[in-house]
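Some terms used for a protein model have a cut-off behind them.

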Amino acid sequence: DVFVRDIPAGKTILASRAPLAGPVGNDHSDSPALAGDGSAVAFRSQANNFDQSEDTDHAGDIYWRALTGATNQQNTALASINSAGEKSNASAPSIDDSGYLIGFLAKHPLDPADTNGKVDAYVRDVGVSNKLHLITRGDGNAGPVGGTDAGSVAISGDGTKVAAGGDGGLAAGLDPRRGNVILRDLTATP
């Protein structure tokens, strides 16, 4: 399970549960990433009872949970899913300071352009836009997807930049014999 400790208030919050004060996750949850302002947490979970209409298996998924507001207002949402309802075995959550941008690695494609069969880096905006960005593309927008596995993803505190690291060839056009780190400006990605 994933817990968040509010030190000044002296209370511990169970984050790996269904929306509101719903059921606790029915499988393993780990890898928490806490928003800089403490408003939300992203985590990986194999539980499938947070939202049974979207998650029917026990594969690892990335979830987001709001931590502020009354318990009956706290939400839990699946972040590693696309607009068609397809989800991916995902890992390595990262979150910006505001708690609305979630970075993660996805083993199965969530973008139609992602046909390389490799682990790729994504960012989900769980705020108003609900947009999903594929980070490991040659030009960060519409170029070809890199040919090797991404191994990490990190979002800047202000949510304007995201970095992904991994084996060579992470983005199209990079030397596949050398490790790479790519940096994307999310303000330039439509």
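Q: Which strand gives the most to the lining of the largest pocket?
A: In this predicted model, strand 6 (residues 76-78) gives the most, with 3 residues. The pocket has a volume of about 320 Å³, and among the 20 residues that line it, Ile-81, Asn-82, Ser-83, Arg-124 and Asn-130 are the closest to its centre.

Q: How do the residues of that lining divide into nonpolar, polar and charged?
A: The lining has 11 nonpolar, 5 polar and 4 charged residues.

Q: Why is the aromatic pair of Phe-43 and Tyr-63 called stacked?
A: Ring centres must lie within 6.5 Å to pair, and planes under 30 degrees apart count as stacked. Phe-43 and Tyr-63 are 6.0 Å apart centre to centre with 25° between the planes, so the pair is stacked. Phe-43 is in strand 4 and Tyr-63 in strand 5, 20 residues apart.

Q: Are Phe-43 and Tyr-63 buried or exposed, and how do you know?
A: Buried means under 20% relative accessible area. Phe-43 has 0% and Tyr-63 has 1%, so both are buried.

Q: What makes strand 11 and strand 12 a pair?
A: At least two bridges are needed. Strand 11 and strand 12 (residues 161-166) have 5 bridges, in the antiparallel sense, so they pair. In one of these bridges, Ala-154 has Ala-163 of strand 12 as its partner.

Q: Why do strand 11 and strand 13 stand at the edges?
A: The open sheet has the order 11-12-13. Strand 11 (150-155) and strand 13 (180-185) each have a single partner strand, so one side of each is left without a neighbour in the sheet.

Terms used: Residues numbered from 1 in each chain as written. Predicted model: local features only at pLDDT ≥ 70, side-chain atom pairs only at ≥ 80, totals over all residues. Heavy atoms only, no water. 1 Å grid on protein atoms, 1.4 Å probe; cavity = no way out; pocket = protein on both sides within 12 Å on 5 of 7 lines; lining within 4 Å. Points joined across faces, edges and corners; volume = space filled by probe spheres on them. Helix = DSSP H or I, 4+ residues; strand = E, 2+ residues; numbered from the N terminus. Nonpolar A, V, L, I, M, F, W, Y, C, P; charged D, E, K, R; others polar. Phe/Tyr/Trp six-rings, centres within 6.5 Å; stacked < 30°, edge-to-face > 60°. Buried < 20%, exposed > 50% of the residue type's maximum accessible area, 1.4 Å probe, protein only.
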